[in-house]
Amino acid sequence: MYRLQFAGLLFLAIPFAAHVAFAQKKPNVIVILADDLGYADLGCYGSEIPTPNLDKLAQNGVRLTNFYNTARCCPTRAALLTGVYSHQAGIGHMMDDKGADHPAYRGQLNHNSVTIAEVMKSAGYFTAMTGKWHVGHQHGVYPTNRGFERSLHAAAGGFYYPTGNNAKLFLNGQEIPNDSDKLPKDWYSTDLWTDYGLRFIDEAAAAKKPFMLYLAHNAPHFPLQAPEEDVAKFRGKYLKGWEKLRQERYEKQVKLGLVDPSWKLPPINPNVRKWDSLSDAEKKQYDDMMAIYAAVIYRLDKSIGDLVAGLKKRGVFDDTVILFVSDNGGNAEPGIEGRYEGDQPGNAKSTVFIGQGWAEAACTPFWAYKHHTHEGGISSPGIISWPAGIPASRNGKFERQPAHIIDIMATLVDLGNAQYPATFEGNKIHPLEGASLKPAFTGKSINRKNPIFWEHEGNRALRDGKWKLVAEKTEKWQLYDVEKDRTELNDQFDKQPELAKKLVAKYEEWYKRVGAEEYDKTFKWFYDYDKAKQGASVEGGK
């Protein structure tokens, strides 16, 4: 059947005992979240886009192959910040408040959850965040009233330059003019978040406290905007087209050892126009769209390099844990054609979305994209760096145990020797849902007690060990052995009826427990099922 269901240092040569003693100190922690970055968009995950700084962190740290998000921006941020599922935190969908009768859909962090800042602050950490907030700013939920001692944030993003249409910044909870003398002149948001992150780290040093920085990038979210000198580096390199780019990324992933060669690359979405059918003018336009996207990612990587250089200059890099992930898979919004608007696409007043063809390459080798619970929508790069805590023998290794965005809170609690509360400020707090990833830093097993669950816009999934149960809103359940078939080509639902029944029951129990509700919209821009069914069969990877 056609399946459109649909982050180097050398290890310090010190005695092991001394190394362990050093690692027992409370480390600093930086959680970096990219926005709309696909699984295959970094060099160390198969991309042709040069990302040397993140590649170096991966080379001298641990690279997660099975790191998952929630398939969408706001829910992922809610789950990252709280360590519970987004529905439990009050953001089961986006920012609309459905009212008190729908507690999972209030569009803001609730008070039955605590944030990583509230927990780590109680453990003696200096807490700070920079970047995109998007968990209830319009409802009065700011970083400053959810545990962050310092912050420079945007309510939801949508800009890269001070002259951008949606550009608005808040410093420590107060709106600040985009041309304020407190900000660098002619700033670019990707660089600004790092600049202020380092300023806050200096405040932590002055306070003689370990720091926890949440650095939430808006890159590479639309509208895609980047300096022309960076775009020019990539212009013309994508005239090969999306089919060839996707194949090249897949082959690099296999060569890297990231992807098992037995996982066949699914056919491209049949709704995406074949590159050879485009006119020369259309090819030039799509090449420029992808060049802008590549430039945004290139600048994201440069900012990571600036952050690392700043940490090294301050003498704190070795004892700083850096976790780098993305909030969802590659973005195919608003549909097949994408958007290419403005007198100079890529500048502060333009609007560029890459469209579905390039999103296919961003999510290589998986099915689907942002919004969806097949692997393309929920799979993220995952890089962990900690020179003082990750043994040299682990440098550059792949970690293949499943991990999820809800695990970040548990990991930080473990790293900071913090206490996750049962009550906070008079409110009962949901128990932690995630598991600490710290054991995986040294090659040990993650102590995960429950399956991992997903629900977004009616798209749903469960992963329990090697088995994944998944369905889009309008689909029947499918079952995949994702150790053998992570590209989701061979449905085992009817072949494993008892297992399928058991997993469906687990999912339904979770769905009710977190307060999820039926979603009443269909995303027709994603693909047309009737048309999809006319495509070539991929059963067995054909």
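This is a predicted model: local features need pLDDT of at least 70, side-chain atom pairs count only at pLDDT 80 or more; totals for chains, interfaces and linings use all residues.
**View 1. Pairing of strand 16 with strand 17 (residues 459–464) in the antiparallel sense over five bridges.** Residues are numbered from 1 along each chain as its sequence is written, and side-chain values use heavy atoms, with hydrogens and water left out. Strands (E, at least two residues) and helices (H or I, at least four residues) are DSSP runs numbered from the N terminus, and two strands pair if DSSP finds at least two bridges between them. Within this pairing, Phe 453 stands opposite Leu 462 of strand 17. The two strands form a hairpin with two residues between them, and Glu 457 in the turn has a positive phi of about 55 degrees.

**View 2. The open sheet of four strands in the order 16-17-18-19, with antiparallel pairing.** Strand 16 and strand 19 (478–481) stand at the edges, each with a single partner strand, so one side of each is left without a neighbour in the sheet. Neighbouring strands are turned by 15 degrees against each other on average, direction ignored. Strand 18 (residues 467–471) and strand 19 pair over four bridges, and the bridge partner of Trp 467 in strand 19 is Asp 481. Helix 14 (residues 497–513) packs on this sheet and touches strands 16, 17, 18 and 19, its direction making about 65 degrees with that of strand 16; contact means heavy atoms within 4.5 Å, and axes are lines fitted to C-alpha atoms, for helices over the stretch in contact, with angles running from 0 to 180 degrees between N-to-C directions.

**View 3. Packing of helix 2 (residues 52–59) and helix 9 (residues 280–313).** Pro 52, Asn 53, Leu 54 and Leu 57 in helix 2 meet Asp 301, Lys 302, Ile 304, Gly 305 and Val 308 in helix 9. Just after helix 9, Gly 315 takes a positive phi of about 75 degrees.
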